[in-house]
Each structure stands twice: as C-alpha cells, then as structure tokens.
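Please read the points with the structure in view.

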Amino acid sequence: MIYILQKVNFAQGELYKLTSKAWKRYAERHSYGYIFDTNSYNDYINGMWMKWVAVENAFKLINKNDWLFWCDADTLPMNPHIDVSTILDKDLVISTWVSPTHIRIYDMGKDIKAEYCSWETLGWWNTVHTGNFLIRNCEWSRNLVYEMQRDERIFKNPILMKHPQGDEVGMVVYILGNADNRAHVKFMPVEFFFTKPSFGCPVSALSTIKRYQKGDFIVHAAGYPLSEKIEVLSRYAQQIEW
C-alpha cells in the first residue's frame, strides 16, 4: 500500500488547500491512502526538517512494508496517469541532481562541519532532492529517519538546522556519504520528481532544472515567495491532465 504524506505550517494554509486537492484526487485514482501530519512544528529548526518528523509519525500509522510518498506542499501531479507503484524498489526512491549550494560540508566521518561560502568558491556537488520521494516502512528506513534527526553533528549545527536546504544536506550525509545506506536506495533522475514552472525562476540555483513540459509528472514551484507559489500553481492546477 502507498500513502501520500503531506505537512504544512499555518502560513501555507491556502497553498495546501490548492495542492492537497490535487494530490488527494491523484491518490484516489491509484487507490493510494492519504495522510496529513498535524503535529506541531519545532521552532528551533527550519521547517523543511519537519518532513522527517512527519515520516517518523506516519510510520506508526501504516503497516510494515507499506510505502510513504512524501509530496511538498508546493508541488502538483501534472500527469496523474503516472503510477509510482511501478518504480518501487529497495527501501527509498529519491531523485538526485547536481546543483550549487551555499553550504560546504567537510570532515563528515568524525564531525560534520558546515560553513557558508560564496557561490564561486564552492562550485558544484552531488545532492538529492527531497521535495518528493518514496520511502518504505522497514527497519532500515525507520533507523535512517530516527538517527538523522538525532545526530548531534547535524542537530547542533546551527547552519544546517537553519539553512533552507538543510534537510537535503542531511540526506547527502546519510545517503551519498554512506555506501551501506546507498545500497538501500533507488536513484531517479531529478526531472522525474521535479520540473520547475515554465515561467520565472527566482532562485538561480535552480537554473539547471528542466522546465515543465506536457507529460511531465510533477511541477514544483520551489523558491517562489508564498503568494507567487499560490498564483503560479493555481494556473498549473487548471492544466492537470485528468
């Protein structure tokens, strides 16, 4: 069984009303379940980290070996005919990409150190995209989510905790930096789970991401201010290929 999982903060209420309607309809089309995590946010970390809290909570609600399909609140299923059950494999299905970021990670073995750095000095590095992913309810994934949230090398690092993409950095540390963990992961091209709107792109780090074209699975309005997310995704919601 697959369950779509979403969580939003209070400020995203109008956005959630828009996108959850589409994701619930997508779930019904494929006989998936739908879970909305209502647990409170922790103010001391960036909200993006709360998806892992939601995953941990949802694992307690579903059966062993069921799957969770996390969907960010600023995403839409533009091609709902795509059935993600056809790509299930291993214990985690996630997309990978190459993108610049403003964090440098080093000395990951004993201690995870992080610092802000300029775009020019960092260059490019491999990362993962956590806007949409599938994770199986099994011992490995439960341990992964539990340990990643409670690893003091990450948890007590103020840069990682507050950085907008800190949760993705955590997955890089635990997946791309660990061969044993990588054996549990099926990597997908980033464009399977993430295409950006065909107009505008407020974050230059997303310049390498494919723009949405008809037939693509998901459009993700990452990097837009909240009011623009709602405006952009309202337009795309009318174009979903039901």
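**Aromatic contacts**

1. Ring pairs join Trp23, Tyr26, Tyr32, Phe69, Phe192, Phe193 and Phe217 into a cluster. The model is predicted, and the values below are computed from it.

2. How many aromatic pairs does a search of the whole structure find? The search gives 11. In one of the pairs, the ring centres of Trp23 and Phe69 are 5.7 Å apart and the planes stand at 85 degrees; with planes over 60 degrees apart counting as edge-to-face, this pair is therefore edge-to-face.

3. Where do these two residues sit in the chain? Trp23 belongs to helix 1 (residues 13-29) and Phe69 to strand 3 (residues 67-71), so their pair ties together parts 46 residues apart in sequence.

4. Are Trp23 and Phe69 buried or exposed? Trp23 has 0% relative accessibility and so counts as buried. Phe69 is buried as well, its relative accessible area being 0%.

5. Another pair is formed by Tyr212 and Tyr236: the ring centres are 5.6 Å apart and the planes are at 85 degrees, so this pair is edge-to-face. Tyr212 is in the loop between helix 9 (190-193) and strand 10 (218-220), while Tyr236 is in helix 10 (residues 226-237). The two residues are 24 apart, and their pair links distant parts of the chain. Both Tyr212 and Tyr236 are buried.

Note on methods: Residues numbered from 1 in each chain as written. Predicted model: local features only at pLDDT ≥ 70, side-chain atom pairs only at ≥ 80, totals over all residues. Heavy atoms only, no water. Phe/Tyr/Trp six-rings, centres within 6.5 Å; stacked < 30°, edge-to-face > 60°. Helix = DSSP H or I, 4+ residues; strand = E, 2+ residues; numbered from the N terminus. Buried < 20%, exposed > 50% of the residue type's maximum accessible area, 1.4 Å probe, protein only.
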